[in-house]
Amino acid sequence: MTSCRNLLTDVPGIRVGNAQDPRLASGVTVALFERPAVASVFVAGGGPAGRDLECLEPDRAVERIDAIVLSGGSGFGLDATTGVQAWLNEHGRGIPVASARVPIAPTAVLFDLLNGGDKDWGRFPPYRELGYAACEAAADSFALGTAGGGYGATTVDLKGGLGSASATTARGYNVGALACVNAIGSAVIDGGPHFWAAPFERDGEFGGLGIPTNVPADARRFRWKGQQQPATTICLVATDATLSKAEAKRLAIMAQGGLAKALSLSHAPMDGDTVFAVSTLGRPAEGGLDLLTELGATASDCLARAIARGVHAATALPFPEALPAWADRFGRSRG
């Protein structure tokens with residue numbers, strides 16, 4: 001592989017931080033941009049929850065953002081943005097408005113309220129402090145699996161988690177992906193150990209098992225969490241190629257294909273599948289629509305890999321009836 005860490009942070013100008021509360025069984029992941037970045041978003045799920053998503057549309061006035069927040073907690077997790085904005089404000093970040101600055105940190109959240117953790121937090125949820133702590137922890141390297149915004153995440157049959165992957169295009173542009181995998185369906189074929197994303201795997205990053213020689217006829221049978229376990233896979237793809245907001249929007253749309261490659265079900269009425277796309281403006285974009293197409297194809301594959309890595313790296317929550325992790329069933333020695 002051309003990347004050195006196989007993480008979103010292989011795109012220069014990005015740091016990622018995680019914060020989580022094991023008793024709560026939830027957490028927050030923050031992507032911080034060293035310089036204000038261009039971003040857009042595409043929401044394909046039918047039940048999303050987010051903050052400041054509308055300002056990312058190409059015809060809106062906001063031109064740059066400072067961070068992206070991926071949080072557990074469903075609607076309560078939107079409070080993580082407040083902690084992230086507080087950290088950014090302390091560091092002089094944000095859009096200048098006369099003598100004030102307003103940090104811009106669009107947020108998506110996933111539903112992990114029924115995973116066994118203690119959600120009796122009193123008057124105010126803890127996500128504001130978790131958001132601030134995730135900023136404090138931001139670095140080039142970060143944990144995958146049961147960490148950050150993926151701490152309390154699940155799929156229909158295995159523990160979900162935080163995943164990441166990176167790649168370099170033929171033209172030399174860097175692309176990275178980050179995913180909190182709380183999928184409504186499954187990331188593995190017929191209960192595992194093989195991943196739906198296996199055709200896109202690099203260097204055994206999620207077990208190296210490839211595609212099974214014989215996929216059972218019922219492997220694609222309809223299995224989902226149901227309406228009582230809402231689910232959302234929230235994601236970020238990024239590149240150092242300089243893009244406009246309209247081009248970032250198209251990149252987010254193309255990258256959504258990674259969910260369909262990696263999961264047996266996505267974009268359902270009761271999930272909130274969301275993909276942010278970010279340009280760090282690190283390199284001039286040369287190649288026009290050909291380049292944008294190449295970036296979208298790379299981001300889609302990269303996101304599929306990140307989703308599989310999130311499930312592969314996860315560890316089970318220590319609660320009764322908690323879903324097992326991939327390693328519990330199939331052994332960590334495979335990857």
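## Exposure classes

Buried means under 20% relative accessible area, exposed means over 50%, and partly exposed lies in between. Arginine 128, with a relative accessible area of 44%, is therefore partly exposed. The structure described here is a predicted model.

## Salt bridges

Side chains of opposite charge can pair when their charged atoms come close. Across the whole structure, a search finds 10 salt bridges. Three of them are described below, each with the accessibility of its two partners.

Arginine 128 pairs with glutamate 129 in a salt bridge, at an N to O distance of 3.3 Å. Glutamate 129 has a relative accessible area of 49%, a value under the 50% limit for exposed residues, so glutamate 129 counts as partly exposed. Arginine 128 is likewise partly exposed, at 44%.

Aspartate 10 and arginine 5 also form a salt bridge through their side chains, with N to O at 3.6 Å. Here the aspartate is buried: aspartate 10 has a relative accessibility of 11%. Arginine 5, at 31%, is partly exposed.

## The network at Asp59

Salt bridges link Glu54, Asp59 and Arg60 in a network. Within this group, the closest N and O atoms of arginine 60 and aspartate 59 are 2.8 Å apart.

Which class does each of these two partners fall into, buried, partly exposed or exposed? Aspartate 59 is exposed, because its relative accessibility of 60% is over the 50% cut-off. Arginine 60 has a relative accessible area of 31% and is partly exposed.

Helix α1 covers residues 80-90 and includes alanine 86. Alanine 86 is partly exposed, with 33% relative accessible area.

How far apart are alanine 86 and leucine 265 in sequence and in space? In sequence the separation is 179 residues, and in space their C-alpha atoms are 37 Å apart.

Terms used: Residues numbered from 1 in each chain as written. Predicted model: local features only at pLDDT ≥ 70, side-chain atom pairs only at ≥ 80, totals over all residues. Heavy atoms only, no water. Salt bridge = Lys/Arg side-chain N within 4 Å of Asp/Glu carboxyl O. Buried < 20%, exposed > 50% of the residue type's maximum accessible area, 1.4 Å probe, protein only. Helix = DSSP H or I, 4+ residues; strand = E, 2+ residues; numbered from the N terminus.
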